[in-house]
Protein chains: 2
Amino acid sequence: MRPVVTIVVVDDHSLFAQALENLINSFGEFKVLYHVKNGQEFVKKLAHIENVPDLAVIDINMPVMDGVETTRWLKKNYPTVNVIALSMDDDEPTIIRMLRAGARGYLLKDISPTILHDAFKDVIDKGFYYSNCITNHVLTSLHRGKEADHELKDREVEFLKLACTEMTYKEIAGAMCLSPKTIDGYRESLFEKLQIKSRVGLVIYAIKNKIYKPE
Amino acid sequence: MRPVVTIVVVDDHSLFAQALENLINSFGEFKVLYHVKNGQEFVKKLAHIENVPDLAVIDINMPVMDGVETTRWLKKNYPTVNVIALSMDDDEPTIIRMLRAGARGYLLKDISPTILHDAFKDVIDKGFYYSNCITNHVLTSLHRGKEADHELKDREVEFLKLACTEMTYKEIAGAMCLSPKTIDGYRESLFEKLQIKSRVGLVIYAIKNKIYKPE
DNA sequence: ATGAAAAGGGGGATTTTTCCCCTTTAATGT
DNA sequence: ACATTAAAGGGGAAAAATCCCCCTTTTCAT
């Protein structure tokens with residue numbers, strides 16, 4: 001008989017977190033220590049060393065300190081904690097970033113309790129859990145190879161955020177302390193990288209990739 | 001001693017629905033009959049008359065048949081069912097639409113189980129539950145009066161959707177079988193109504209108001 | 001060390017977007 | 001019946017976005 005596996009839930013929807021806590025506890029083999037609203041609260045809680053769990057179930061879309069940041073911090077400071085990412089949307093870039101940050105599994109919020117249970121067991125016993133839909137995503141991504149991995153630079157991301165406002169490129173140039181011509185260069189190189197043709201394309205890309213979050 | 005209140009949960013995140021079901025049952029005074037993934041499934045379930053609940057907890061963002069549609073249908077066909085809307089975002093237009101559709105309460109997913117419990121009791125006993133943040137929203141909306149209720153016409157919504165693509169206005173005009181000049185008129189009137197200055201403003205507005213949904 | 005990128009910037013042309021003022025036709029209210 | 005308003009459309013101009021080809025300086029890997 002192995003000891004009870006301890007778990008922490010990190011999710012800003014506290015109703016969901018609470019409900020999930022009850023569900024997990026009902027499995028019997030697991031014990032939820034507590035749940036927190038975001039990464040920052042988790043960091044605070046972890047200051048008390050007795051609160052370190054075996055497993056952390058982390059939501060990706062959170063204000064303050066999101067899932068990717070939290071996972072990265074956790075892997076650096078408490079590498080023994082296994083991370084399972086929990087998210088509503090299954091967009092590929094997010095999955096990749098989450099796995100690179102150190103997550104051992106990725107689950108969508110529309111799964112069944114049974115699958116959740118299986119995933120927990122797999123991560124504890126085998127060290128990982130990858131559902132079919134996730135492996136498909138990752139495989140297609142890897143298949144496309146590294147030449148398509150348009151990693152945006154900090155400066156480009158900054159520009160992208162401003163491009164989602166009603167500023168003209170000239171105003172953006174002023175805000176970034178660059179010449180309008182340089183901004184024009186950024187724009188053109190992004191059009192090429194992202195395979196788009198207009199500023200609307202920039203906005204849509206930024207929103208899909210959570211570089212700009214409306215509301 | 002009153003009889004047990006029966007509840008149905010409608011949410012496409014079945015993990016959340018399941019977890020919420022457990023939580024609600026743990027209150028003791030309520031009994032969740034079943035949970036479904038969307039309005040269409042709810043309609044099917046209701047075909048068996050013995051499955052009609054006292055209360056329906058309905059998520060707003062669902063594929064297939066969303067919260068507003070579901071509530072409207074429910075109020076027409078089963079007016080005795082009380083509806084509590086459950087959502088992640090607290091954007092005002094959505095709240096207004098949901099209340100107009102017939103919801104008796106509006107809750108955010110980041111509330112505590114206690115508040116959830118109170119809301120259920122209020123809706124059953126008093127027929128409504130409005131949290132502080134919601135009443136603020138609604139009051140500010142009502143305060144702004146009816147002249148600011150930019151209800152968009154079908155044609156404008158159609159234009160707005162196309163404006164979120166990489167089509168030029170000329171192409172949009174072609175797609176909508178209108179002169180480019182008419183499209184220019186739509187654009188200008190929307191700029192006025194929505195208090196914006198550029199096409200980026202249109203895209204952001206459309207996304208915030210769920211007229212265009214990226215992925 | 002040296003050639004190749006990468007980062008910042010310029011000139012200039014073409015389209016698109018944005019803006020303002022104006023006309024016609026059809027629907028609508030009083 | 002008549003005024004009003006909404007919807008579709010036009011002319012024309014200024015501003016912004018898009019595109020293409022060019023230059024310098026720095027950084028960086030072989």
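Predicted model: local features only at pLDDT ≥ 70, side-chain atom pairs only at ≥ 80, totals over all residues.

Biologist: How many residues surround DNA strand C, and which are the closest?

Modeller: DNA strand C is surrounded by 15 residues, and the closest are A:S179, A:K181, A:T182, A:Y186 and B:R199. Of the DNA strand C atoms that come within 4 Å of the protein, 61% belong to sugar and phosphate.

Biologist: Which side chains have an N or O atom facing a phosphate oxygen of DNA strand C?

Modeller: Two cases can be given. An N or O atom in the side chain of A:S179 is 2.8 Å from a phosphate oxygen, and for B:Y169 the distance to a phosphate oxygen is 2.9 Å. A base is involved as well: a base nitrogen of DNA strand C is 2.8 Å from an N or O atom in the side chain of B:D184.

Biologist: Which elements give two or more residues to the surface near DNA strand C?

Modeller: They are helix 9 (180–194) of chain A and helix 9 (180–194) of chain B. Helix 9 of chain B gives the most, with five residues.

Biologist: Now the sheet. How should I read strand pairing?

Modeller: Strands of a sheet pair through backbone hydrogen bonds, in a parallel or an antiparallel way. In chain B, five strands form an open sheet with parallel pairing, in the order 2-1-3-4-5. Strand 2 and strand 5 (105–108) of chain B are the edge strands, each pairing on one side only.

Biologist: What does strand 1 of chain B pair with?

Modeller: Six bridges join strand 1 to strand 2 (residues 30–36) of chain B, and four bridges join strand 1 to strand 3 (residues 55–59) of chain B. B:V10 shows both pairings: its bridge partner in strand 2 of chain B is B:V36, while in strand 3 of chain B it stands opposite B:I58. With helix 1 (residues 14–26) of chain B between them in the unit's listing, strands 1 and 2 of chain B belong to a right-handed β-α-β unit.

Biologist: Are the faces of strand 1 of chain B covered or uncovered?

Modeller: In a regular strand, side chains alternate between the two faces of the sheet. Here both faces are covered: B:V5, B:I7 and B:V9 are buried on one side, and B:T6, B:V8 and B:V10 are buried on the other.

Definitions and conventions: Residues numbered from 1 in each chain as written. Chains lettered and ligands numbered in written order. Heavy atoms only, no water. Buried < 20%, exposed > 50% of the residue type's maximum accessible area, 1.4 Å probe, protein only. Pairing = 2+ DSSP bridges. Right-handed = clockwise from strand over helix to strand, strands pointing away. Near = heavy atom within 4 Å. Polar contact = N/O pair within 3.5 Å; in protein donor to acceptor, adjacent residues only side chain to side chain.
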